[in-house]
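Let's walk through this model together, one question at a time.

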Amino acid sequence: MADTEEPIYAPFFGVMGAASAIIFSALGAAYGTAKSGTGIAAMSVMRPELIMKSIIPVVMAGIVAIYGLVIAVLIAGKFKAGYSLFSGFIHLGCGLAVGFSGLAAGFAIGIVGDAGVRGTAQQPRLFVGMILILIFAEVLGLYGLIVAIFLFTKTTD
């Protein structure tokens, strides 16, 4: 094998990065949506007028999946002949960074969203506090996206 030839398994790590990005961030978004959705359903029995106002946690959970999708598409766009092992490792790091931070953000959004919408049904002044906590939970996924984009710019391919 020549020194300039990359190993045949080099793209595997990039593919795992793309897969990790979308799989883990989608898992986080799905959990956040499901957990918040059960809270919305329980709350809407007594206060149906608050349903649309209570959808905010579900929307925020969905945004987490978009972060993973962006990175997965960026990584997939880099695959070509001569894909380097270095790029594969960097892309794996990108996917894991955005994927796991998206998973954590989705869990946080789901738990806060569930408790927040139920609490807002009983005390409407809780709504602003719930939104602030949701923003802090969402930003965890954004941090992972920022790190992933920064890592992505370090590839040589």
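**Salt bridges and a helix face**

K35 is partly exposed, with a relative accessible area of 28%; buried means under 20%, exposed over 50%, and partly exposed in between (1.4 Å probe, protein chains only). This is a predicted model, where local features need pLDDT of at least 70 and side-chain atom pairs count only at pLDDT 80 or more, while totals for chains, interfaces and linings use all residues. Residues are numbered from 1 along each chain as its sequence is written, and side-chain values use heavy atoms, leaving out hydrogens and water.

Q: Which residue meets K35 in a salt bridge?
A: A salt bridge here is a side-chain nitrogen of Lys or Arg within 4 Å of a carboxyl oxygen of Asp or Glu. The N to O distance in this pair is 3.6 Å, and the partner of K35 is D114.

Q: Is D114 buried or exposed?
A: The relative accessible area of D114 is 10%. Buried means under 20%, so D114 is buried.

Q: Within what arc do the buried residues of α2 fall?
A: The buried residues of α2 include P57, M60, A61 and V64. Seen down the axis of α2, they line one face of the helix, because their arc (taken from the directions from the helix axis to the C-beta atoms) is within 140°.

Key: Helices (H or I, at least four residues) and strands (E, at least two) are DSSP runs, numbered from the N terminus.
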